[in-house]
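Welcome, and take a moment to turn the model around before reading on.

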Amino acid sequence: MTTDTSERGLERLICTALTGAPCDPGVPANMVQQRPATYAAGWICGAAEEYDREYCVDLAQLAAFLRETQPEVCEALDLGQDGPTRRKFLARLQGEVSKRGTIDVLRHGLKHGPHHIDLFYGTPSPGNAKAAERYAQNRFSVTRQLRYSRDETQRALDLGLFINGLPVATFELKNSLTKQTVEDAVQQYQRDRDPREKLFEFGRCVVHFAVDDHEVRFCTHLKGKGSWFLPFNLGWNDGAGNPPNPNGLKTDYLWKRILTRAGLTDILENYAQVVETRDEKTGRKKALQIWPRFHQLDVVRRLLADAQANGAGRRYLIQHSAGSGKSNSIAWLAHQLIGLTKGEATVFDSIIVVTDRRILDQQIRDTIKQFAQVGATVGHAEHSGDLRKFIAEGKKIIISTVQKFPFILDEIGAEHRGRRFAIVIDEAHSSQGGRTSAAVSMALSAAGTEDDDETLEDRINRLMEARKLLSNASYFAFTATPKNKTLEIFGEPDPQTDGTVKHRPFHSYTMKQAIQEGFILDVLEYYTPVDSYYKLVKKVEGDPEFDTKRAKKKLRRYVESHDHAIRLKAEIMVDHFHEQVLALNKIGGEARAMVVTSGIERAIQYFHAIRAYLAERKSRYQAIVAFSGEHEYGGAKVTEASLNGFPASQIADKIQQDPYRFLICADKFQTGYDEPLLHTMYVDKQLSGIKAAQTLSRLNRAHPKKHDVFVLDFMNDADEIQQAFADYYRTTILAEETDPNKLHDLKAALDGYQVNAAAQVDEFAALYLGGADRDRLDPILDACVADYRERLDEDGQVDFKGKAKAFLRTYGFLSSILPYTNADWEKLSIFLTFLVPKLPAPVEEDLSKGILEAIDMDSYRVEKQAAARIQLPDADAEIEPVPTTGGGRKPEPELDRLSNILKAFNDQFGNIPWSDADRVHRLITEDIPNRVAADKAYQNARQNSDKQNARIEHDKALARVMTAVLKDDTELFKQFMDNDSFRRWLTDTVFGLTYPQGSGGVAGRP
C-alpha cells in the first residue's frame, strides 16, 4: 500500500495522534457511549452527522457529557429527542455563545430556567480527587469533514475540534507534496468560508488553524478577505518557520504538544480571552479575541516550570523583540505566578510589576479580570507607602513605576524578608519621557553619576549594581534590546571551556523572526538619509522626462545651502507626507507621521511651522506636539495642553483620530509607544546605539493594511543607524541609496530575454485595472511562462526571475520616494507582480502560488483608485533591502540622460535605414530641441501658462521646426509625418527636453 500524501492522509495522521484512530467519516470509532480515550492526547472521534448546523453543537457529545455529569439536567432538557424542550435549550445555549463567547460559556456555564448547567470542568488542583474525576469526564472530540453550512452546498471543513459538543477550533489542511501550502489554506478561509455562517461568528470558535507540513498559522476572527492569519511556528535559525523534525512532520507539535487535553485546557483557562476596548470619543465598544502566539505560550510555560522547580531567588532575562506582544506575555505570567505552588506552599506571596507604561496597568487588570479562577486583586503603587499597605491588604499583584522601584526594594528587603516576591520588569521604556525624579537620582547616586542620555534600562542596571539582588525575590526582566549589563545581571551564566563565562537570555524571540513572521515591519528597509533622498531627487530633476514638484526645489535649497530653517524642513515633511504617503493611500489612507526633534524648543518651533504650512496648503490635517513639563516660548509659558488644546493624557488617543496626522515629539513617545498607524518618521535629532534602534522601531508595529514604512532622516547617516541595529538583529538589512537609472537597465535586461512583449504588458495592465475576470488575465501570463520555460536555459530563467524581482523591489522603493510617474514602469510592475509567482523556481526555493496569492485584487483596486498611481507592496516573502541587481549578472552600466534618449531611439527605430545616423541623432538631441525652445509663442506659454497649454504651443512649434527641417533632412521629416510611433516619441522627447521643471524659465539643451 502506497503512502497517502493527500490532505486526507494528513487528516488521518492528526486524528490518529489525538485519538488513536483515523476517525474516518462514516466509520464507527470510539462511539460517544464510551469513556474518553486514554490514548496519546486523550481525544475521541466525533461524527460529522451528529453536528447540528442550526445550533452549532455536536449533539451526541453534548448529550453524553451532560448524561454522565449532570443526569437530572440531561433528563429535564430532553436531549434524547427533537422536541420543543431540547430546541429551547439549544437556542438558549447558542444565544449565550453568540453573546458571551465560547470561552466564557465553558468557564462559567449556563443558566436555563431553574437549572445551572456546567459545560466544562477545569484543571483540578493537586490532591483534589473529585475535581480530577470531573475533569476526566470532559469530552474532547475531533470531527473530520465537518459539514457546517446551512445552505445546500454542504461545504465541509477538514477538521473541527469540540469540547463537550461546543466547537472551539477549526482546521484547513494542505500538503506541499500535492503542491499546496499553508497559503492555500489561508486563501480557502478568506475566500470560501463565509464569515456570516454561524460557526464562524466572532467568539464561537476560539481559533482557526491553517496548517501544512511546514507551517501553522492561526486567525481568531474570520472576516472574509480581511481575515488576518498570524504564524504559530516554533522559529528556526533565529527566524521564521519550523526546524526539521527527525520524528515526524515539522508541524506535529501542534497536535502532539499544544492540543493535548491538558494543553488546550491550559490555554482556554489562562491565555485565550475576549478583550473589550471602548473608544472614549464614540463610546463604541470593540471586542478582540486573543489566542497566544507560540513564543508567548512557550516563554510563560517555561518560566512557570522553572520557578516552580527552583522557587524564589532566580533571575530570568527574556529578550523579546518589539511587536512580540510583551504586554500580554507579562500579564499572563503575572496572573499565573500568583497561583504557582510547589508542594503545599505557594512559590510567591506577591507579584510586583515594574513598568513605565501606564497602559500596562490597565492591561494586566483587564487580563486578570478575564480569568474567573484567579481571585487576585491588583493595586497600583503610586506612592512609596502604598506598597506596605497593599502587601498588608493581601493584594497579589502590585504595579509600580520604575521611579518607585528603589523604595520597593527597600520595603521588601527591610520589612518583608520572610515573604517571597516575583519582580517582573517591563522593558526600560519611558513613553512618558522626562528625566527621573530627584529621589531616584539620589537613590542611584551610590552606583555612580547619571549620564545625560541614560535610559530607564540604564537606571535599573545601576540600581541593581548599587543594591545586592534580594534572595527572597525572583526577577523576570523583559527587554527587546538588552545591554551588556542587563545580560550580565539577569542573563543565564554559560561557562566556557577557556574559563570565561558568557550570559544568555533565558528565552528569546528575535527581531529577525518578528520581521519575517510579519508581526513587525523592517524599519530599515526604506530608511533614507536626507542627502541620499536629495541625490535621488536630483538624479531625476536633471532628467527632463519627469515633472518637477515643489518639494524638490525646497529639498535642494535645504541641502545645498545647509539652511537649517525649521520652516523649510517642515515644508519638505508636509509635502512628502501628502504626496508620498496620503496620495498613495498608505495603511488604507490611515497613515500617521512622527517628527522626532532634538529638544522641546525645536519641537514647539516645528509644531508652529507645520501647523502654519498645513493651513497654507489648505490641508485638512493637523499636528500634535508632545513634550514634558512647562516651557517658555515666545515670552510665555506653554505646555502640551495649551498648544494642542486638549489634555496631555489624550495625545495617544487623539493621534488615532482625524484630523491629527503629525505627532511632533521631544523625548516622548520614542520608546515603548505602540501605534500601528505610524507609517512615516521624520528625524531631526542625532541618534545612536540603543536610542536609534528604539526610536526607529516606533514604526514597526504591524497592521493588516500596512505593507511598508519610511524614514526620512535629516541628521544621521545610514552606517550609524545600521550599526545601532546590528546588536539586536543578526541580519540587519539596510536599503542604501538607489539610482533610478537602474530601473531602465533592469527593464532593458528583461526586454532582452523576450519573455513578454510590450503589447502583452499593456494589454494585461489594461485588463487588470479595468476589473477583468481572472480567465482573461491567465492566458497572457501562461503564454509568457511557456516562453520562459521553452526558450531560456536554467541560468537564463534564474537571471530573468531574479531581475524581475529586483525590478519590483527597486520600483517599490523608488516610487515611495520620488514624485514622478512613468507609465511603462508602472505597467511593467503590475505585470511582473502577477508573472513572477507563476514562474517555475529553482528546487531550493519554495514554489510560489498563483495569481491571486500575489495580491488582493479588491483592496488593490481601491488603493489604485484612491491614489494618482499604484504603489505595490513587496510581493516577496523574504524581507530584503532594495537591491537593484538580480539574477546572475551585474546590472548594465549606468546610462546618462542623453544615452538614455539615444538608446530608446535606437531600440524603437534602429531598424530604419538612416543614411546618416549621427546627423539624425544630433538633430534630435540638439538642433530640434534648441529651435523649439527658442520659439517665442512656446516661450511665452512656458512662462505665463500651465503645462497643458505649454504642450499645445510646443506641438505647434515642433511642427514649424520640422517643416523647416524638410529642406535639410527629408528622411527625418518623412518619418515624422508618416510614422505615428516615431512622431509620438519625438514629440514627447523634445517636450521633455524643452519644458523646464520649475514654474517658468526657458530650458534649452542641457
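A disulfide is a pair of cysteine sulfur atoms within 2.5 Å. In general terms, a disulfide is a covalent bond between the sulfur atoms of two cysteines. Please keep in mind that what you see is a predicted model.

With that in hand, let us look for such a link. How many disulfides does a search of the whole structure find? The search turns up 1 disulfide. It joins C23 to C45, with a distance of 1.9 Å from S to S. The two cysteines belong to distant parts of the chain, 22 residues apart: C23 sits in the loop between α1 (7–19) and β1 (44–45), while C45 is in strand β1. The angle about the S-S bond is -70°, and the link of C23 and C45 is left-handed. Both C23 and C45 are buried.

Now compare another cysteine. C56 counts as buried because its relative accessibility is 1%, and the cut-off for buried is under 20%. C74 also counts as buried, at 8% relative accessibility.

From here, move on to a pair of helices. Two packed helices are described by the angle between their axes and the distance between the axes. Helix α2 (residues 59–69) packs with helix α4 (residues 84–100) at an angle of about 100°, and their axes are 14 Å apart. Angles of 65 to 115 degrees count as roughly perpendicular, and α2 and α4 are therefore roughly perpendicular to each other. On the α2 side, the contact is made by L59, L62 and L66; on the α4 side, by R86, F89, L90 and L93.

Next, find Q190, which is in helix α7 (residues 182–192). Is Q190 buried or exposed? Its relative accessible area is 18%, so Q190 is buried. Leaving aside residues up to four places away in sequence, Q190 touches G224, K225 and S227. With S227 there is also a polar detail: a polar atom of the Q190 side chain lies 3.0 Å from the backbone oxygen of S227.

Finally, turn to a sheet. Here 6 strands form an open sheet with parallel pairing, in the order β25-β32-β31-β26-β30-β27. The edges are β25 (527–529) and β27 (622–626); each has a single partner strand, so one side of each is left without a neighbour in the sheet. On average, neighbouring strands of this sheet are turned by 20° against each other, direction ignored. One of the residues to look for is Y527, whose bridge partner in β32 is V711.

Helix α22 (residues 600–616) packs on it, touching β26 (592–597), β27, β30 (660–665) and β31 (678–684), and its direction makes about 175° with that of β27. Helix α25 (residues 689–696) lies across β25, β26, β31 and β32, and runs at about 145° to β31. Of the 8 residues of α25, 6 are buried, so this helix is largely enclosed by the rest of the structure. The buried residues are I690, A692, A693, Q694, T695 and L696.

Notes: Residues are numbered from 1 along each chain as its sequence is written. This is a predicted model: local features need pLDDT of at least 70, side-chain atom pairs count only at pLDDT 80 or more; totals for chains, interfaces and linings use all residues. Side-chain values use heavy atoms; hydrogens and water are left out. Helices (H or I, at least four residues) and strands (E, at least two) are DSSP runs, numbered from the N terminus. Buried means under 20% relative accessible area, exposed over 50%, partly exposed in between (1.4 Å probe, protein chains only). A polar contact is a pair of N or O atoms within 3.5 Å; within protein, one must be able to donate a hydrogen and the other to accept it, and residues adjacent in sequence count only if both atoms are side-chain atoms. Contact means heavy atoms within 4.5 Å. Two strands pair if DSSP finds at least two bridges between them. Axes are lines fitted to C-alpha atoms, for helices over the stretch in contact, and angles run from 0 to 180 degrees between N-to-C directions. Angles under 35 degrees count as roughly parallel, over 145 as roughly antiparallel, 65 to 115 as roughly perpendicular and the rest as oblique.
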